[in-house]
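Please follow along with the sequence and the picture as I look things up.

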Amino acid sequence: MKTVIIHGQNHKGSTYNIAHMLAEKIGGEITEYFLPKDFGEFCLGCTQCFMVSETKCPHYDKLAKITKTMDEADVIILASPVYVYHASGSMKAFLDHYGYRWMVHRPEEKMFDKQGVCISTAAGAGMKSTNKDMADSLFFWGVPKIYKYGLAVSATSWSTVSEKKRKEVEKKTDSIACEIRRKHGKVRPGLKTRGFFHIMRMLQKKGWNEADVKYWDVKGWRGKERPWKK
């Protein structure tokens with residue numbers, strides 16, 4: 001099994017340690033990227049990815065390695081500490097570059113059999129909204145199974161997290177890892193994902209964006225084909 005972790009920060013604090021712990025428990029090959037060290041560009045809003053091709057994005061080449069790793073992974077972990085009740089700016093900037101992959105445009109079919117995990121920590125609160133920031137992208141990419149784990153660590157560094165909290169982390173990561181291993185190779189889109197895809201298919205039949213229509217036609221999705229296994 002292959003797991004990729006996208007860290008929404010450069011430092012190795014509580015969020016990093018929990019994400020890495022989970023990946024190790026899942027087992028297999030682990031690849032990690034740190035933002036903004038490994039990618040720190042802001043979307044310019046040029047709309048070239050939507051209207052022409054993602055290859056026209058001025059940051060396409062910088063993202064190519066990360067994109068390839070995510071496509072080849074079985075599990076995608078998005079991890080961000082809480083920054084003012086939301087994901088870090090680096091994580092948001094990263095996800096902004098994949099708007100063209102949302103189901104409303106040109107989703108990548110490899111996403112429809114993956115599992116995703118959103119992990120966030122804070123000294124106090126904001127984990128729910130932070131995880132939602134990341135889970136929104138996973139869902140609209142087509143990832144059918146998404147786990148969320150947010151924890152108030154009551155500390156500003158991993159070294160000062162209490163033993164009680166650490167035991168809680170151990171138990172929760174054991175549970176998520178076990179479930180991911182159990183579902184490996186078996187996940188299929190549920191009613192929500194299938195329903196949203198159907199709505200997007202209806203929009204694509206109207207042909208409002210030429211680049212998208214061509215993509216959907218090549219895939220056969222405006223007809224009877226679907227991006228998931230039957």
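**Entry 1: the ring cluster**

I began with aromatic rings and found that ring pairs link Phe112, Phe197, Tyr215, Trp216, Trp221 and Trp228 into a cluster. My rule for a pair is that rings of Phe, Tyr and Trp (its six-membered ring) have centres within 6.5 Å; planes under 30 degrees apart are stacked, over 60 edge-to-face, and the rest tilted.

Before going on, I noted what I am looking at: this is a predicted model, where local features need pLDDT of at least 70, side-chain atom pairs count only at pLDDT 80 or more, and totals for chains, interfaces and linings use all residues. Residues are numbered from 1 along each chain as its sequence is written, and side-chain values use heavy atoms, with hydrogens and water left out.

**Entry 2: two ring pairs**

How many aromatic pairs does a search of the whole structure find? I got 16. I looked up the rings of Phe94 and Tyr98: their centres are 5.2 Å apart and their planes at 65°, so I wrote down edge-to-face. Phe94 and Tyr98 are both buried. For me, buried means under 20% relative accessible area, exposed means over 50%, and partly exposed is in between (1.4 Å probe, protein chains only).

Next I took Phe139 and Phe196, whose ring centres are 6.1 Å apart with planes at 65°, so this pair is edge-to-face too. Phe139 belongs to helix H5 and Phe196 to helix H7 (residues 191-206), so the pair ties together parts that are 57 residues apart in sequence. My helices (H or I, at least four residues) and strands (E, at least two) are DSSP runs, numbered from the N terminus. Phe139 is buried, with a relative accessible area of 12%, while Phe196 counts as partly exposed at 23%.

**Entry 3: charges over rings**

I then checked for charges over rings, which needs NZ of Lys or CZ of Arg within 6 Å of the ring centre and within 35 degrees of the ring normal. Lys145 lies over the face of Tyr147, 5.1 Å from the ring centre. Arg166 has its charged end over the ring of Trp158, at 4.5 Å from the centre.

**Entry 4: helix H3**

I compared the length of H3 (residues 60-72) with what to expect. The expected span is 1.5 Å times one less than the number of residues. For the 13 residues of H3 that should give 18 Å, and the end C-alpha atoms are 18 Å apart, which agrees.

Where is the kink in H3 centred? I found it at Ile66, with a bend of about 30°. The bend at a residue is the angle between axes fitted to the seven residues ending there and the seven starting there.

The buried residues of H3 are Leu63, Ile66, Thr67, Thr69, Met70 and Asp71. Contact here means heavy atoms within 4.5 Å.

**Entry 5: the cores**

A nonpolar core is a set of buried Ala, Val, Leu, Ile, Met, Phe, Trp, Tyr and Cys residues joined through side-chain atoms within 4.5 Å. The largest has 25 residues, and those with the most contacts inside it are Ile6, Ile66, Met70, Met91 and Phe94. E1, H3, E3, H4 and H5 each give two or more residues to this core, and H5 gives the most, with four. A second, separate core of 23 residues includes Leu151, Val153, Trp158 and Val161.

Which kind of peptide bond runs from Leu35 to Pro36? I noted cis, with omega near 10°. Pro36 is placed in the loop between E2 and helix H2 (48-51).

Thr47 also lies in the loop between E2 and H2. Thr47 is not a glycine, yet has a positive phi of about 65°, and counts as partly exposed at 38% relative accessibility. Val84, in the loop between E3 and H4, is not a glycine either and has a positive phi of about 40°. At 78% relative accessibility, Val84 counts as exposed.

**Entry 6: one last residue**

Is Asp212 buried or exposed? I found it buried, with a relative accessible area of 0%. Asp212 lies in helix H8 (residues 210-219). Not counting residues up to four places away in sequence, Asp212 touches Phe50, Val104, His105, Arg106 and Gln204.
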